[in-house]
Amino acid sequence: MSAQRVTRKAAKRPTRKKKATTRRRKPGARRHAALRLRRRRIWRRILVSAGAVAVGVALLVLIPLGLARDPHGVCLDDPTTFPEAGIEGWSGEQLENAATIMRTASALGFARDGQILGVMTAMGESSLRNIDYGDWETSGFTNPDGTRTTSIGLFQQQEWWGSIEQRMDPATAATMFYDRLARLPDWQQLPPSHAIHRVQINTDRDYYARFQADATAVVDTLSGSCTADPA
């Protein structure tokens with residue numbers, strides 16, 4: 001066989017194609033991968049949303065609660081530190097008048113129990129507002145002798161308690177209340193409302209009992225330390 005014929009045979013042999021080095025993914029596998037990625041993204045969004053909701057709820061619950069009940073940072077002598085949300089529904093001018101009663105009581109030697117009695121009294125008499133009218137104007141009440149009542153101020157004191165100026169001054173009105181309370185040697189052994197009744201001489205000796213819990217909350221909250229928070 002000639003060399004020329006061998007060369008032609010070799011030339012006629014087809015060359016083998018190289019196998020592809022990369023394998024194509026099946027369509028089903030790609031869909032599964034896309035679904036897994038989508039699920040991960042959805043769960044991530046759910047977790048982030050749940051965390052945001054939890055933080056929001058905590059802030060809505062804890063902030064008002066802290067403002068209303070936590071005495072930390074409240075200074076009796078500084079009304080700007082009083083809880084803006086109020087204390088058991090009492091706020092603004094009412095808390096300022098309560099603070100005046102508490103300071104007056106403390107200066108006269110009355111501790112927490114006496115301060116609560118004073119705040120209870122003003123809650124029941126005037127809703128802790130220094131009003132210049134009383135039972136005659138609102139309800140037509142008269143005194144036992146038939147004369148019209150002359151009650152005014154925080155404690156709704158009548159004219160035999162003092163002048164209009166004295167009764168309309170919260171600190172002076174509180175002083176007159178505590179002067180009379182001090183004359184009751186057994187006032188601390190009496191139910192609080194009964195002790196107040198002995199001073200105010202109202203028609204129902206149990207009338208003030210409904211204000212005891214609120215007065216206690218106000219006194220305890222406003223009795224917070226006036227020391228600034230170092231933080």
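This report walks through the fold, the core and one histidine of a predicted model.

## Ground rules

Local features need pLDDT of at least 70 and side-chain atom pairs count only at pLDDT 80 or more, while totals for chains, interfaces and linings use all residues. Numbering runs from 1 along each chain as its sequence is written, and side-chain values use heavy atoms, with hydrogens and water left out.

## Overall fold

You're looking at 9 helices and 0 strands, in the order α-α-α-α-α-α-α-α-α. Helices here are DSSP runs of H or I with at least four residues, strands are E runs of at least two, and both are numbered from the N terminus.

Of the 231 residues, 31% are buried (under 20% relative accessible area, 1.4 Å probe, protein chains only). The protein exposes about 15,700 Å², with carbon and sulfur atoms supplying 54% of that (Shrake-Rupley method, 1.4 Å probe). Among contacts (heavy atoms within 4.5 Å) with a separation of 6 or more, 54% link residues 24 or more positions apart.

## The nonpolar core

The largest nonpolar core has 40 residues, and Ile101, Val119, Leu181 and Leu222 touch the most other members. Two or more residues each come from α3 (93-107), α4 (112-126), α7 (170-181), α8 (192-200) and α9 (212-222). Such a core is a set of buried Ala, Val, Leu, Ile, Met, Phe, Trp, Tyr and Cys residues joined through side-chain atoms within 4.5 Å.

Skipping neighbours within four places in sequence, Leu222 has contacts that include Val74, Phe82, Ile87 and Met102.

## His197

His197 sits in helix α8. Its relative accessibility is 21%, so His197 counts as partly exposed (the band between buried and over 50%, which is exposed). Beyond four places in sequence, His197 is in contact with Asn202, Asp204, Arg205 and Tyr208. Tyr207 lies 10 residues from His197 in sequence and 8.4 Å away, C-alpha to C-alpha.
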